[in-house]
Structures are given as C-alpha cells and as structure tokens.
Amino acid sequence: DGEVHINELKNGNTEMFWNPTGEVRRQRLKRHIVLFEEQTDFESERLWQHVTSAINKGDQHKATQEKFVLEEEQRNAARERRENGTEWKPLLFRHDATTKEWHYKYEDLRPWDPLNDIAQFEKNGILQTMERHLSTRMSNHKTTCINNQITRHKRSAKDCRRRKTSDQPSNHSQNTESSCSTPESVQELSDDDGKYLGLESLCAQCGKEMNHLKEIHSAVLSLQRAQQDIHR
C-alpha cells in the first residue's frame with residue numbers, strides 16, 4: 001500500500017515506480033475473509049496470528065520463535081500419529097500417487113462464465129461459485145411467451161372453425177375460412193416455427209433481459225481490458 005521508488009545508485013536519482021493512489025484503491029476487488037472469531041484453529045489467519053503480529057511489529061526474532069513453536073507442534077502431532085498407527089486423512093486435499101503431488105479436492109477448473117458467474121468464494125474450505133442463471137431464466141421465459149402465443153393462436157383457430165361450421169351464409173363462410181389457420185397446422189408447430197406465428201419479436205421482458213445481458217457483457221469486456229493493461 002506504500003509508494004515504491006527506484007533509486008539509481010550511480011547518480012543518486014530517484015524515480016517513482018508505484019503509487020497506490022485513492023483511485024487505485026477504489027478499483028481494487030473487494031476482499032472477503034471469514035470473520036476471525038468464526039475461523040477454526042487450523043485456518044491460516046488464526047494459526048499464524050502470532051507470527052503475523054511479530055512481523056507487523058518488525059520483530060523478526062519473535063516471528064522466528066513463533067514459527068518454530070508451530071512447526072514443532074506439527075512435528076509432535078505427526079510423531080504421535082505414527083506411534084499410534086493413526087492414518088492422516090486430509091479434509092480438503094487428495095494425494096496423487098502417480099505425480100506424488102497433493103491436489104485440492106474441490107478445485108474448479110471450468111472457464112469463468114462472465115454472463116452467469118458472479119463471484120467465487122470459500123465456505124468451510126470448499127470453493128463455491130455464486131451463479132446468476134440468467135440464461136436459464138431467459139430461456140424459460142421465452143418458452144413461456146411462445147407457448148402463450150401458440151395457445152392464443154389455437155384458440156383463435158378453433159373459433160374460426162366453429163364459425164365456419166355454423167349456419168352462416170356461404171359467402172361469409174368462405175371469407176372466414178380464408179382468414180383463419182386450421183387447428184391441425186398449429187398443432188404441428190414447434191418453437192423453431194415461431195416465425196410462422198410472428199413470434200420472432202421478443203416480449204418486453206425478454207427484450208429487457210437481452211439488453212441487461214449486453215450491458216453485463218460490455219462491462220466484462222471493459223474489466224478484461226483493464227486486467228490486460230495491469231498485467232502489461
């Protein structure tokens with residue numbers, strides 16, 4: 001959080017390398033940490049609290065002592081397990097016998113979906129992703145809109161058929177028949193046949209959702225460009 005300078009030893013010049021201004025701090029991602037009093041004994045912040053405190057005070061001797069105490073406790077616990085024949089079963093990691101490496105059990109390697117994924121966080125050591133499910137909601141809403149319009153079209157077609165078979169003058173019956181679709185043609189329609197019914201125009205809510213998705217996508221692209229600039 002402090003300023004970083006480059007000092008040129010040859011001529012004694014000093015150049016500003018990094019200055020975390022208020023604007024820089026405001027652009028940072030918010031950091032979410034489990035409250036200290038809710039952490040278990042083996043979570044890093046609680047486990048290393050005395051070492052961290054000593055480092056922050058600039059007391060390297062005290063920090064080294066506290067670190068030694070922690071490591072000695074771990075060695076004693078491992079020694080007791082060996083003597084008692086107790087098998088160590090990690091809660092959050094698994095051992096790969098082929099590569100001889102440890103891997104996090106709940107790692108999420110899928111690509112980040114900027115239109116659906118909101119945030120990623122840990123709860124009880126398990127990595128979880130908060131999702132938006134906008135695409136599913138939009139798909140369901142669009143299907144409902146189409147089904148409603150098809151239902152109205154079927155009802156209109158049945159009314160036409162009823163009028164056509166009633167005791168109307170022949171010329172009126174011909175006009176009614178020519179202006180209505182038959183129920184059979186409607187029953188064969190699928191969602192892909194929406195254009196036949198004039199359903200290609202989205203309802204107001206669908207249009208609003210689409211505009212919202214476009215805004216989110218635009219914001220994500222802007223964030224990605226900012227991240228690329230930071231990496232450079």
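This is a predicted model: local features need pLDDT of at least 70, side-chain atom pairs count only at pLDDT 80 or more; totals for chains, interfaces and linings use all residues.
Local features require pLDDT of at least 70 and side-chain atom pairs pLDDT 80 or more, whereas totals for chains, interfaces and linings use all residues. Residues are numbered from 1 along each chain as its sequence is written, and side-chain values use heavy atoms, with hydrogens and water left out.

Seven salt bridges were counted, each a side-chain nitrogen of Lys or Arg within 4 Å of a carboxyl oxygen of Asp or Glu. Two of them lie in helix α4, which spans residues 60-84. Helices are DSSP runs (H or I, at least four residues) and strands likewise (E, at least two), numbered from the N terminus. Lys62 pairs with Glu66, with the closest N and O atoms 3.0 Å apart. The two residues are about one helical turn apart because they stand four residues apart in α4. Glu66 is buried at 17% relative accessibility, while Lys62 is partly exposed at 36%. Buried means under 20% relative accessible area, exposed over 50%, and partly exposed in between (1.4 Å probe, protein chains only). Glu66 also touches His50 and Val51, leaving aside residues up to four places away in sequence; contact means heavy atoms within 4.5 Å.

Lys67 and Glu71 form another bridge, at 2.6 Å between the closest N and O atoms. They too are four residues apart in α4. Both are partly exposed, Lys67 at 37% and Glu71 at 26%.

Asp117 bridges to Arg110 at 2.8 Å between the closest N and O atoms. Asp117 is buried at 4%; Arg110 is partly exposed at 36%. Asp108 and Glu131 join these two in a network of salt bridges.

Two aromatic pairs were found in the whole structure. Rings of Phe, Tyr and Trp (its six-membered ring) pair if their centres lie within 6.5 Å; planes under 30 degrees apart count as stacked, over 60 as edge-to-face and the rest as tilted. Tyr104 and Tyr106 are edge-to-face, because their centres are 5.9 Å apart and their planes meet at 70°. Tyr104 is buried at 18%, and Tyr106 is partly exposed at 33%. Phe93 belongs with both tyrosines to one aromatic cluster.

Val4, Ile6, Phe17 and Trp18 make up a nonpolar surface patch with about 390 Å² of accessible area together. Areas follow the Shrake-Rupley method with a 1.4 Å probe; for residues, only the protein chains shown count as cover. Patches consist of residues with over 30% relative accessible area and no salt bridge, joining like charges within 9 Å and nonpolar side chains (Val, Leu, Ile, Met, Phe, Trp, Tyr) within 5 Å. Strands β1 (4-7) and β2 (14-18) each supply at least two patch residues. Phe17, in β2, is exposed at 57%.
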